[in-house]
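This report describes one protein chain in plain terms. Please keep the sequence and the 3D view at hand while reading.

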Amino acid sequence: TVKREITEAFGLPDGKIAWAGSEYVQSESKWASLLGKLTAGGAVDQTFGNSTGNVSRNHFGAGDSFGIALAAQPDGKLIVSGRLPGTPGQHGPGLLARFSAGGELDTSTFAAPDGWMQPTTSVSGAVGIQPSGKILAADGGNNFSACRVTTTGANDPTMQGGVSCVEPSFDGDADTGTGMVVLPDGGFVLV
């Protein structure tokens, strides 16, 4: 039995549909992050992943991982945000990974040699690409915050006042950033 959870999908400029989520791998008793593409007609894109139409998946370390959101760079590469397992009752640390347009983990130019990194924010929720190519990741856990990562996968300390994250103050104790729109000037709206 395979259990899949698709958490985000969107249309690409070429008419294809990219999606992210998670899959429970029963033989390993683990959750794995998923990334896939469909053709413009809705069929599995046979050119993506391992050339058999299967989706790319990765555990990003030894334990479970969960794909939450994705964004496409102008060159067709895909950024996936997600999280690693946490302690019982707590959200795990966030993760960002970059994949080629064909579904291969980018281990040479993004957070080398792994192809994935943990942004300063605890859980990566929404993700966006600024016109400069820098990556924004929102906290989908218990903080309403966003962090910026460089094009090479390092926390960017130039976000605001020498830190890589911004966290506006709201009343309440469990505010989350689950949606993001990047504006043409590089600003963003986090909801």
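A residue is called buried when its relative accessible area is under 20%, exposed when it is over 50%, and partly exposed in between, using a 1.4 Å probe and counting protein chains only. By this rule Asp 156 is buried, with a relative accessible area of 3%.

The model is predicted, so local features need pLDDT of at least 70 and side-chain atom pairs count only at pLDDT 80 or more, while totals for chains, interfaces and linings use all residues. Residues are numbered from 1 along each chain as its sequence is written, and side-chain values use heavy atoms, with hydrogens and water left out.

**The chain as a whole**

The chain has 191 residues, and 44% of them count as buried. It contains 1 helix and 14 strands. Helices (H or I, at least four residues) and strands (E, at least two) are DSSP runs, numbered from the N terminus. The chain exposes about 9100 Å², of which carbon and sulfur atoms supply 53%. Accessible areas come from the Shrake-Rupley method with a 1.4 Å probe; for residues, only the protein chains shown count as cover. A contact means heavy atoms within 4.5 Å. Among contacts between residues at least 6 apart in sequence, 45% join residues at least 24 apart.

**Strands and their partners**

Two strands pair if DSSP finds at least two bridges between them. An open sheet is formed by 4 strands in the order 5-6-7-8, with antiparallel pairing. Strand 5 (66-72) and strand 8 (116-117) are at the edges and have a single partner strand each, so one side of each is left without a neighbour in the sheet. Strand 6 (residues 78-83) is joined to strand 7 by 6 bridges in the antiparallel sense. In this pairing, Val 80 stands opposite Ala 97 of strand 7.

Strand 10 (residues 135-139) is largely enclosed by the rest of the structure, because 5 of its 5 residues are buried. Ile 135, Ala 137 and Asp 139 point one way from strand 10, while Leu 136 and Ala 138 point the other way. Strand 10 runs antiparallel to strand 11 (residues 146-149), and 4 bridges join the two. Ile 135 is placed opposite Val 149 of strand 11.

Gly 128 belongs to strand 9 (residues 124-129) and is buried at 5% relative accessibility. Gly 179 is 51 residues from Gly 128 along the chain, and their C-alpha atoms are separated by 9.4 Å.

**Salt bridges**

A salt bridge is a side-chain nitrogen of Lys or Arg within 4 Å of a carboxyl oxygen of Asp or Glu. The structure holds 7 of these salt bridges. The table gives examples.

| Side chains | N to O distance |
|---|---|
| Lys 3 and Glu 5 | 3.8 Å |
| Arg 148 and Asp 156 | 2.9 Å |
| Asp 45 and Lys 16 | 2.9 Å |

The pair of Asp 45 and Lys 16 links distant parts of the chain, 29 residues apart. Asp 45 is in the loop between strand 3 (30-38) and strand 4 (56-58), and Lys 16 is in the loop between strand 1 (3-11) and strand 2 (17-25). Asp 45 is buried at 4%, whereas Lys 16 is partly exposed at 22%. Lys 3 is partly exposed, with a relative accessible area of 45%, and Glu 5 is partly exposed at 35%. Arg 148 is buried, with a relative accessible area of 12%.

**Asp 106**

Where is Asp 106 found? Asp 106 is in the loop between strand 7 (94-99) and helix 1 (111-115). With 7% relative accessibility, Asp 106 is buried. Its side chain makes a polar contact of 2.6 Å with that of Thr 109. A polar contact is a pair of N or O atoms within 3.5 Å; within protein, one must be able to donate a hydrogen and the other to accept it, and residues adjacent in sequence count only if both atoms are side-chain atoms. Leaving aside neighbours within four places in sequence, Asp 106 is in contact with Lys 77, Arg 98, Phe 99 and Gly 115.
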